[in-house]
Amino acid sequence: MTIQTSEITSVSSKRTTFKVMLVCWLSILFEGYDVGVMGAVLPTLSEYKEWNLTPIELGALSSYTLVGMFFGAFIIGTLSELYGRRRMLLICVTLFSSTMLATALAPTPWFFGLMRFIGGIGLGGVIPVAAALTIEYSPTEKRSFNYAIMYSGYSLGILCAALVAIAILSQFGWRGVMMIGSLPLLLIWPMSRLLPESIEYLNNRGQHEKARKLAEKLEVTYNEPVKQEKQASRSLKEVVAIIFSKDYLRATCCFWVALFCGGFIVYGLNTWLPSIMRKEGYDLGSSLTFLVVFSLSSALGGLFLGKVADKCGARGTVAFFFMLGAMGIGLMVFKQNIYMNYLLVGLAGIGCISAPLILTGYVAHFYPSSVRASATGWTMSISRVGAMSGPMFGAYIASLGVASSWNFAAFSAVTVIGGIAVMLLPSKRL
């Protein structure tokens, strides 16, 4: 069967690029809040006497979302190639925002965990679909930077969760902080009005005339398929064959290892950093400030890394900052004053969130357009395995009652492994 592609070669309308990036940025922002909220409320949830949760149970509650994200990234990324990227993105935001409302009203830990799992399915689908749409509608020379702008919403969402917790946690408790996460439901309709369907999706489904008209309307140019065969879209078998083909096998393995490590670090630190710093003697407000620094540095760092990656290539940029993040985490093993700890946490945020986000954008660009969302979704599923492991590892260390330095040493070692995997990627510039 002939491989068909419909890559957009230029986007002459900045308005189109802006609208797509805005909707994708908002989707990632809402996801970041949903993910970051567990780290923000965990110290309070651990003291919630009605449930009387152990550290292992707290780690499990944090991981339920990540289990859902594992399945969501795999399933939604594939479904988006069959039913449309626009539709699946909006469904995902609706799903995880609705379950945030249910979680805020949860009567038992079991119901809390169930809602977090269901919401995780939607959360897992957002990144691969938003990545595919952002890469598709960005000029080639700005893909890394635009992707970094879009993905900055993730870190800013975590930041918002920390700031909301600082503002209302003492008055409204963890339920109030969770309730704020359902507000995106109010924006679903305007987001649906702004976001166009993927031209690549339409062409890959054989809807060439519809794709041509939409391209004219949006002022974009793309390569139409040379041959139009009876089935333009990829079957699951064809997707697997491409991703694990001789040309892509090494890259697939390296991407999976690197993003497994990235997920482990991001979610491990995001979930347990405030609690670890409380254990080190900081009060609740100061502990949450570390989460603010972690997320803000990653948001700003992502923009910087995006610029550097566009000029110097994604592989070397990501590998360097992975190692920089490992250094920041590793140095926290030693006792520091609070300002040095802020600096080290900032380095960790850049290396553990900014670097993996650029790598995710590289995944979306690395594979052919017809399997772009699927390849990104599958890679993110592997990342979710790491993400599930990180909080559970933190819970295990907490249950042992040992020094917090054990967390930092292990997280640093995993980050180094991720950096090595990036170095082993085949050379290909964005």
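Helix 1 passes helix 5 in a right-handed crossing, a crossing being right-handed if the near helix is turned clockwise from the far one by less than a right angle, and left-handed if anticlockwise. By class, this contact of helix 1 with helix 5 has 28 nonpolar, eight polar and one charged residues. The model is predicted, so local features need pLDDT of at least 70 and side-chain atom pairs count only at pLDDT 80 or more, while totals for chains, interfaces and linings use all residues. Residues are numbered from 1 along each chain as its sequence is written, and side-chain values use heavy atoms, with hydrogens and water left out.

The axes of helix 1 (residues 14-45) and helix 5 (residues 143-180) come within 5 Å and cross at roughly 40°, and the two helices are therefore oblique to each other. Angles under 35 degrees count as roughly parallel, over 145 as roughly antiparallel, 65 to 115 as roughly perpendicular, and the rest as oblique.

Helix 3 and helix 5 pack with their axes 8 Å apart at an angle of about 165°, and are therefore roughly antiparallel to each other. The contact joins Met-100, Leu-101, Thr-103 and Ala-104 of helix 3 to Trp-174, Arg-175, Met-178 and Met-179 of helix 5, where contact means heavy atoms within 4.5 Å.

Thr-99 also lies in helix 3 (residues 85-104), and at 9% relative accessibility Thr-99 counts as buried, a word that means under 20% relative accessible area with a 1.4 Å probe and protein chains only. Not counting residues up to four places away in sequence, Thr-99 touches Met-115, Ile-118 and Gly-119.

Technical notes: Axes are lines fitted to C-alpha atoms, for helices over the stretch in contact, and angles run from 0 to 180 degrees between N-to-C directions. Helices (H or I, at least four residues) and strands (E, at least two) are DSSP runs, numbered from the N terminus. Ala, Val, Leu, Ile, Met, Phe, Trp, Tyr, Cys and Pro count as nonpolar, Asp, Glu, Lys and Arg as charged, and the others, Gly among them, as polar. Buried means under 20% relative accessible area, exposed over 50%, partly exposed in between (1.4 Å probe, protein chains only).
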